[in-house]
Amino acid sequence: MANEILRMKDITKIYPNGVMANKNVSFTVEEGEIHALMGENGAGKSTLMKILFGIESYDEGEIFFDGKKLDHAGSAEAIKSGIGMVHQHFMLVDSLRVYENIILGMEPTRGPMIDAETAIGQVRELGEKYNLRVNPLARVEDISVGLKQKVELLKVLMRGARLLILDEPTAVLTPQETEELFEQLLLLRKNNHTIIFISHKIREVMQICDKVTIMRAGRSEGTIGVEGTTAEDISRLMVGRDVILKQDKKPAEFGAPKLRVRNLNYINRFGKAMLKNVNFDLRSGQIMGVAGVEGNGQNDLAETIFGLTRGATGEVLADGKNILGKSIREIRDLGISYIPEDRITLGVASDGSVWQNLIADRVDQPEMKSGAFLSSKKIEALSDELIREFNIRCKSRNQSVGMLSGGNMQKVVVAREFSADPEILIANQPTRGIDVGANEFIWKKIVEKRDAGKAILLVSADLNEVLELSDSILVMCEGELVAYFEDAKKVTEEELGLYMLGLKKQEALGHGQ
Amino acid sequence: MDNKSRVRFEIMKTALAIGISLVLVFIIIFFASNEPLKAIHSMLAGPFTSLRRFGNVIEAMTPLMFTGLSVTMLYRAGLFNLSMEGGFFIACVAATASAVMLNLPAGLNFMVAMLAGAAAGGLASLIPGTLKVKCKANELVTSLMLNYVLLYLGLYIVINFLHDPAMNANYSYAFPENMLLSRILPGTRINTGTIIALVSVVFVYILLDKTAFGYKVTMIGQNSRMAEAAGINVGRIIIMSQLIGGMLAGLGGATEMFGMYKRFQYQGLPGYGWDGVLIAIVAQFKPQYVPLSAFFLAYIRIGADIMARQTDVPSEIVAIIQAVVIVLISAEAILKGYQRKLVVKQAREEEALSNG
C-alpha cells in the first residue's frame with residue numbers, strides 16, 4: 001500500500017451566511033495518485049480544498065499532511081508544507097511577464113535587484129522538466145488560457161509543491177488543450193507528485209484519475225477506485241439517482257426568422273475588434289448554439305444584441321426593427337429576454353430577497369400594482385408560483401438570494417426571464433457552475449420554449465451543452481463566425497474543436513446560412 | 001440568518017454600541033470632573049427635569065429627522081454623498097430670500113418660501129447626481145466640494161441682498177410675523193415643523209417601501225448593473241433620488257428657519273447634513289427608525305448642554321459618544337463571535353431538521 005500523504009478528518013465548515021458547506025467530511029489521499037474530487041456545484045468540493053490550502057477557516061476537524069498536523073494559519077503555511085493550488089480563476093498579474101509571475105514573492109536577487117537572468121533560467125529549466133513550455137518573457141495578458149494554466153502550474157511547482165490541487169482545470173480549455181494538460185498531469189504523477197483534481201466531468205475523471213471521492217450536499221459519499229467503476233456508478237453517487245446526461249427532444253421545426261444579425265462589428269474599449277462582420281438568422285423553433293473558446297466574441301455577441309454593450313455597428317433586426325442602440329427596456333418590451341453569463345453581477349442582487357429579484361423586469365407593469373402602490377398580495381402570489389414552478393429551493397420568498405446555492409440562484413434568474421414569456425431568449429452560459437439537477441431542469445425549460453416556437457440563442461463554453469441542446473451551431477473564433485452547422489447532430493466535438501481553435505474555417509459564410 | 005434574527009442582531013448591536021459609548025464617556029467624566037456623579041446625572045436625567053428642556057430635545061430632533069431622511073433616501077440608492085449639508089444651507093438662504101423679498105399674501109408667502117427651500121435643496125443635490133450619471137464623477141467628491149461653493153454663495157446672497165443694516169452681524173431682515181410656524185406646546189418652542197418632519201417620515205417610508213419607484217431605488221442600491229440589465233432606467237432613478245433627497249434636506253432647512261429663527265443667522269454650515277449620516281446609520285437606512293435615531297442624538301446633545309451648564313464638564317464630550325456609536329455600528333467585526341454563534345446554531349438546527 002502506498003504512503004498516505006493527506007488526511008482530512010471530520011471537517012465541518014459553516015459560512016457566515018449560515019450555509020453549512022462541509023459536514024464532517026473525511027478525505028484521504030495517497031502519495032503519487034491522481035485523486036478526483038467530484039460533486040455537483042455547491043457540494044462543498046471547492047470549500048474543502050480552500051480549507052486544505054488555508055484560505056478558508058474551518059469550524060471542526062483536523063488536517064494531517066505528511067504525518068504533521070496543519071493549523072489553519074493561512075496559505076503561507078500550506079505552501080511551505082508543500083501544498084499548491086491552481087484556482088479556477090487564475091491568480092496572475094496580467095501586466096507582468098510570465099517569469100515575473102512565477103517568481104513573485106520568491107525572487108532570486110543580486111544585491112537589491114531582481115536577478116532576472118537566474119529567474120528566467122529557473123523557469124525554463126522547470127518547464128523543460130515537466131514539459132510545461134511557456135516563453136518566460138511573454139506578458140501574461142498576451143498568452144492563451146491554456147498557457148496561463150501552465151504558468152499557474154509552474155508557479156505552484158516552483159514553490160516546491162508535492163500535492164497539487166487543481167480546481168476545475170479543464171473548464172476553460174478546448175478538447176485539444178485538455179488532452180495536453182492530461183499528459184502533463186501524468187508526467188507529474190510519474191515524478192511522484194500527488195494531484196487532487198476537482199471536476200464534475202465524469203469522462204475526464206475516468207480517463208486520468210486513480211481514485212475518486214464523491215461529495216454531495218456537503219458530505220463525502222465515499223472514495224472508490226476508478227478501475228472497475230462505470231460512469232453511471234459515479235453519477236448516481238453524485239446526485240443520488242441516475243442522471244440522463246443526454247437531452248431528448250423532438251426534431252426541430254424551424255419557422256420564420258425572428259432575429260437577423262447583419263454586418264455586426266464591435267470594437268471594445270481596448271481597441272480590440274471583438275465582433276467582425278457577424279451575420280446570421282435565428283428562427284422560431286430553433287436553438288442556435290454558439291460555440292467558441294472563451295473570449296472569442298461570444299459574450300460580446302450576446303451582450304451587444306441585448307443592449308448591454310454599446311458602440312457596435314451593423315444591424316440587429318427583431319421583427320424587422322433594428323434594436324441596436326435601443327435601451328434594454330425597449331429591447332425587453334419587444335419580447336427579448338436574457339440570461340447573463342455572470343449571474344452575480346448581472347443576474348441577481350445578492351442582498352435582495354427572492355421576490356425582489358423575481359419582479360425586477362416587470363415592476364412597472366399593472367399586474368404588480370394596485371393603484372399607485374405595489375401590491376404585495378399580487379407580488380407574493382407571483383413569487384410563490386414561480387418558486388414552485390421553477391423548483392427554487394429557498395426558505396421563503398423573503399430569503400436573500402445570496403444565501404441560495406448557485407443552482408438555485410440561477411433558477412431565480414431563469415424563472416424571471418422565462419416567465420416574461422419572451423419570443424427570443426438569449427441564454428449566455430445558462431448552466432455554468434450549477435449542479436446536474438438544476439442543469440437538467442434548465443435544459444428542459446429551454447427545450448419547452450423552443451417547442452412553443454420561440455427562438456433561442458445559446459452561448460455556451462460547455463461543448464456537451466452546445467451539442468446536446470442545440471438544433472444548429474455557430475462557431476466563433478477571434479470575433480468571426482467560422483462555421484455554421486444547420487444540423488447540430490452532424491458535427492462532432494473534435495470537429496468543433498478544430499473550428500474553435502481556428503485550424504479550420506468554412507468559406508462563404510457571408511450570410512450565415 | 002433569517003430576517004427575525006437579523007433584526008434582533010442589529011438591535012443588539014445598536015444597543016451595545018450606545019451602551020459602550022456611554023460607559024466610555026462616564027469613565028472620562030470620572031477622571032476629568034470634580035463632581036462626576038452630578039455630571040452624569042444631569043446629562044442622563046437633565047432633559048426630563050423640565051418641560052422646557054424636554055421641548056429642547058424635540059426642537060433639536062426636528063431638523064435631524066429631515067437630513068436623516070435625506071441621507072436614507074440617497075444611501076438606499078447607493079449614492080454615498082453629502083449633498084444634504086449644502087442643500088440644507090442653501091435652502092435656508094432661498095427660503096429667507098423668498099420670505100423677505102416677495103410681497104405675497106400671508107398663506108401663499110409661506111407656501112412659496114417652503115417650496116423655494118425644497119427646490120433649492122433639490123437643485124443643489126441634483127448637481128452631483130447629474131455629474132455622476134452624465135460624467136461618471138464620484139458623487140462623494142463633487143458633493144463635498146459643492147458644499148463650500150454653496151456656503152459662500154449663500155453668504156454672498158445674504159450679505160449683499162438680504163442683510164439688515166440694523167443688525168451688527170451678517171443677519172438678514174426679520175421674517176414677517178405670519179411666516180413663523182406656530183407653537184404647539186405652550187412652555188416650549190415645539191412647533192408644527194415637527195409635524196411636517198413626521199409627515200415626511202411617513203412619506204419616505206411609503207415611497208421607499210410601497211412604490212415601484214422605491215423598489216427600483218433599493219435594487220439600484222443593491223446591484224445597479226443587475227437593475228440595468230433588468231430594464232430599469234438607472235440614470236433616471238439616480239437623478240430622481242438625488243432630487244428627492246435634496247428636497248427633503250431643503251424642506252428641513254426652510255422648516256428650521258421658520259420654526260426656530262426670526263431671521264437668517266448662520267455664519268457657516270450648520271452641520272445637520274453630517275448629523276443626517278449618523279442618524280441614517282443608526283436607523284439602519286430605514287425611514288421608520290429615523291425619528292427614534294434623531295431623538296437619541298437630540299437627547300444626548302441636550303443632556304450634554306445641561307451638564308455643561310451645571311457642572312465642569314464641557315458639552316463637546318457628546319462628540320465622543322457620536323464617534324464611538326458610528327464606529328461600533330458600522331464596524332463589521334463587532335459582535336462577530338455572537339453573530340457566528342447565532343449562525344452556527346441555526347445551521348445546526350436546520351441540519352437536524354432536514355435529517356430528522
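How many residues does the contact take from chain B, and how many from chain A? In this predicted model, chain B gives 24 residues to the contact and chain A gives 29 residues. On the side of chain B that touches chain A, the elements giving two or more residues are α8 (212-222), α9 (224-229) and α14 (336-355) of chain B. Sorted by class, that side of chain B holds eleven nonpolar, seven polar and six charged residues.

| Domain of chain A | Residues |
|---|---|
| domain 1 | 4-239 |
| domain 2 | 244-335 + 422-513 |
| domain 3 | 347-419 |

Note that domain 2 of chain A is written as two stretches, 244-335 and 422-513. Taken over C-alpha atoms, the centres of domain 1 of chain A and domain 3 of chain A are separated by 37 Å.

Back in chain B, a pair of helices is worth a look. Two packed helices are described by the angle between their axes and the distance between the axes. For helix α11 (residues 272-282) of chain B and helix α13 (residues 318-330) of chain B, the axes come within 10 Å and cross at roughly 45 degrees. The helices α11(B) and α13(B) are therefore oblique to each other, and their crossing is left-handed.

Which residues make this contact? From α11(B) come B:L278, B:I281 and B:V282, while α13(B) brings B:Q322, B:V325, B:I326, B:I329 and B:S330. By class, the contact of α11(B) with α13(B) has six nonpolar and two polar residues, with no charged residues.

Methods. Residues numbered from 1 in each chain as written. Chains lettered and ligands numbered in written order. Predicted model: local features only at pLDDT ≥ 70, side-chain atom pairs only at ≥ 80, totals over all residues. Contact = placed C-beta atoms within 7 Å. Helix = DSSP H or I, 4+ residues; strand = E, 2+ residues; numbered from the N terminus. Nonpolar A, V, L, I, M, F, W, Y, C, P; charged D, E, K, R; others polar. Domains from an automatic or database assignment. Axes fitted to C-alpha atoms, helices over the stretch in contact; angles between N-to-C directions. Parallel < 35°, antiparallel > 145°, perpendicular 65-115°, else oblique. Left-handed = near helix turned anticlockwise from the far one by under 90°.
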